[in-house]
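Please keep the viewer open as you read.

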Amino acid sequence: MDTYDDSGRRDHRGTPAHPGRVVTLIDRPHYDCIVPPSTPPPSYRVWGAAYHIPQQHVNEVQEYLDIREINGYSIQYAPFQPASREERPIEKCMVYIGLPSNPQFLGPQSLDRLAATIWRCKGPSGENRDYLFMLEDALKGLGDGAEDEHVEELAKRTREKGMASGEIGATLGDGFSIEVAIEKVTSNSKSSPKGTEEVEKP
């Protein structure tokens, strides 16, 4: 799978009049159908964090995620390889993916066009630019090799749009929270079940 800035979100980081842009995962068959054949193929490897939801909170978390993600995404299942090769892969990890069949799936766009849209859009969850900048930071925080060149270049151009307009970056913040205990899957979960994070390694 590859990351992809494709969805025009009208509910969280944009409005119906000015949809924001968000990232999704996309599998290879869909990717090959929407990009020119001459485009260099991506690695199809994506870093991420997996979360174990305690049984008593499954319904609450599911309801929250459906409200947050369902407008532009569909529930899919993908394998997850922990960073520690000593840990067994998770065969079915639930993810929300924006499929090309979704009306909000926009397809390929130039980085400059994306940056201009992201800089000016905002919605109930906040500025679209903050979503991008937090995504960039989150990827860097997953570990060496987790950085995404596409995301970093898009963030760079978005900042340039802000500098050109004379504006200063907005306050970071998601605007939504959920107060339930979610355990991050961890390679040393036996000794520290709740305080660490598992990342996927290519």
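## A buried glutamate

E136 has a relative accessibility of 6% and therefore counts as buried (under 20% relative accessible area, with exposed meaning over 50% and partly exposed in between, for a 1.4 Å probe and protein chains only). Its place is in helix α4; helices here are DSSP runs of H or I with at least four residues, strands are runs of E with at least two, and both are numbered from the N terminus. Setting aside residues up to four places away in sequence, E136 touches V151, E152, A155 and R159, where contact means heavy atoms within 4.5 Å.

The model is a predicted one, in which local features need pLDDT of at least 70 and side-chain atom pairs count only at pLDDT 80 or more, while totals for chains, interfaces and linings use all residues. Residues are numbered from 1 along each chain as its sequence is written, and side-chain values use heavy atoms, with hydrogens and water left out.

## Partners of E136

Which residue forms a salt bridge with E136? The partner is K140, at 3.7 Å from N to O; a salt bridge is a side-chain nitrogen of Lys or Arg within 4 Å of a carboxyl oxygen of Asp or Glu. Both residues lie in helix α4 (residues 128-141), 4 residues apart, which is about one turn of the helix. K140 has a relative accessible area of 40%, so this lysine is partly exposed.

E152 is another residue to look at here, and is found in helix α5. E152 and E136 are 16 residues apart in sequence, and their C-alpha atoms are 6.3 Å apart in space. Leaving aside neighbours within four places in sequence, E152 is in contact with E136, K140 and E147. With 27% relative accessibility, E152 counts as partly exposed.

## Where α3 meets α5

Now turn to helix α3 (residues 111-120) and helix α5 (residues 149-165), whose axes come within 8 Å and cross at roughly 60°. Axes are lines fitted to C-alpha atoms, for helices over the stretch in contact, and angles run from 0 to 180 degrees between N-to-C directions. α3 passes α5 in a right-handed crossing, the term used if the near helix is turned clockwise from the far one by less than a right angle, with left-handed used if anticlockwise.

On the α3 side, the contact is made by L111, D112, L114, A115, A116, I118 and W119, which meet H150, E153, L154, R157, T158, K161, G162 and S165 in α5. The residues of this contact of α3 with α5 divide into 7 nonpolar, 4 polar and 4 charged. Here Ala, Val, Leu, Ile, Met, Phe, Trp, Tyr, Cys and Pro count as nonpolar, Asp, Glu, Lys and Arg as charged, and the others, Gly among them, as polar.

## Salt bridges

How many salt bridges does a search of the whole structure find? There are 7. One of them joins the side chains of D112 and R157, at 3.2 Å from N to O. D112 lies in helix α3 and R157 in helix α5, so the pair ties together parts that are 45 residues apart in sequence. D112 counts as partly exposed at 39% relative accessibility, and R157 also counts as partly exposed at 24%.

E160 forms a salt bridge with K156, the closest N and O atoms being 2.9 Å apart. Both lie in helix α5, 4 residues apart, about one turn of the helix. E160 is partly exposed with a relative accessible area of 38%, and K156 is partly exposed with 42%. Salt bridges that share partners also join D112, E153 and R157 into one network.

## The wider fold

The protein has 5 helices and 9 strands. Along the sequence they follow the pattern β-β-α-β-α-β-β-α-β-β-α-α-β-β. Buried residues make up 38% of the 202 residues. Among contacts between residues at least 6 apart in sequence, 68% join residues at least 24 apart.
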